[in-house]
Amino acid sequence: MRRLTRCAALAGLMAAISSLAMAQPVDPKATLDALDQAFGGHQPGARAVHAKGLVVEGTFVPSPAAAGVSRAPHFQAGPTPVTIRFSNFAGIPTQADGDAMASPRGMALKFHLADGTDTDIVAHSVNGFPVATAADFLAMVQAAAAHDLPTFLASHPGARAFEALPKPIPASYATLGYFAVNAFRFTNAQGRATLGRYRLVPEVGQTLLTPAEAAGRPADYLTAEMARRLAQGPARFRLMLQVAETGDRVDDATVAWPETRRQVDLGTLTLTGVASDQDFQQRTLLFLPGRLPAGIEPADPMVDARTPIYGASFRRRMGETG
């Protein structure tokens, strides 16, 4: 599996399937097959990327500022029930949490709205993504599958820049920041629009490990730590919106916006417990970043094209597990 060492640096592929633009459709099966090959073979019943995960339950309460950003229902009042899935990067369900290929980590949220519908956020633990187009995404996956990622990196400066970014190793899923790297357009009740990208900021701050420390932890240390943490009390994140300014690229996830950009506190996510039905949840949860209520729409044209890839992966694992 060492052949994926460089691919690990370009991780977060499932969260970043957002870079498959509608104008540049790809074959979902070909994409899944290439991911399987990159990770050493198909893993029946598992996600193609971020295969190992932990599902927890919680609630979201919006801040007073949230309604001024968007008329979406979960930004008006709360609490809204939320299902959260934390995950490691690779498409290997038995991967040790301290493995070098486990980063970036993923955090996906499903808000269960009062009208019976859901809306989702998918994020990972790096502020950016290696490619900006569907063609480049597919080429990157195929290069990884063919063990020729260095050639791809040599011709794609955005991917090289992403490779150089730190890939933090968490002491806990609850002590790591996460970024939903695609931009959305938010509209409030008065029709005023705001362009921005989500961030999830741990209330207790970040606590990270060195590679040596992580390698010395048990294979499932993140799952065990979260169970202990939530047994003692809730863990919290702030849902933040980094607001774009004139000239900021909203259609290219490889370009991070300056840290000087204004951030709006949208509310508090409170994790209350580990889901009791882990096996069922792991199989059946489907997160779609393009599943949006009125008041939120994609600004990055990559968002909608995640759907066929996510759907194909979902149908495959459900067919394999019954």
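Buried here means under 20% relative accessible area, exposed means over 50%, and partly exposed is what falls in between (1.4 Å probe, protein chains only). This is a predicted model, in which local features need pLDDT of at least 70 and side-chain atom pairs count only at pLDDT 80 or more, while totals for chains, interfaces and linings use all residues. Residues are numbered from 1 along each chain as its sequence is written, and side-chain values use heavy atoms, with hydrogens and water left out.

Figure 1. Helices (H or I, at least four residues) and strands (E, at least two) are DSSP runs, numbered from the N terminus. Along the principal axes, the C-alpha atoms fill a box of roughly 50 × 45 × 40 Å. Buried residues account for 57% of the 322. Take the contacts (heavy atoms within 4.5 Å) between residues at least 6 apart in sequence: 78% of them join residues at least 24 apart.

**Figure 2. A buried salt bridge between Arg316 and Asp36.** A salt bridge puts a side-chain nitrogen of Lys or Arg within 4 Å of a carboxyl oxygen of Asp or Glu; by this rule the count comes to 14. Here the N to O distance is 2.7 Å. The pair ties together distant parts of the chain, with Arg316 in helix α10 (residues 306–321) and Asp36 in helix α2 (residues 28–38), 280 residues apart. Both partners are buried.

**Figure 3. Strand to strand: Asp120 and Lys110.** These two side chains meet in a salt bridge at 3.1 Å, N to O. Asp120 sits in strand β4 (residues 118–124) and Lys110 in strand β3 (residues 106–112), 10 residues apart. Both are buried, too.

Figure 4. Arg261 counts as buried, at 15% relative accessibility, whereas Glu245 is partly exposed, with a relative accessible area of 43%.

**Figure 5. The network of Lys52, Asp97 and Asp220.** Salt bridges link these three residues together.

**Figure 6. Thr270 and its contacts.** Thr270 lies in strand β11 and is buried, with a relative accessible area of 13%. Set aside the neighbours within four places in sequence, and Thr270 is in contact with Glu57, Gly58 and Thr59, as well as with Pro234, Ala235 and Arg236.

**Figure 7. Gly205 in the loop between β8 and β9.** The strands on either side of this loop are β8 (193–202) and β9 (208–209). Gly205 is partly exposed, with a relative accessible area of 26%. Its C-alpha atom is separated by 7.4 Å from that of Leu176, 29 residues apart along the chain.
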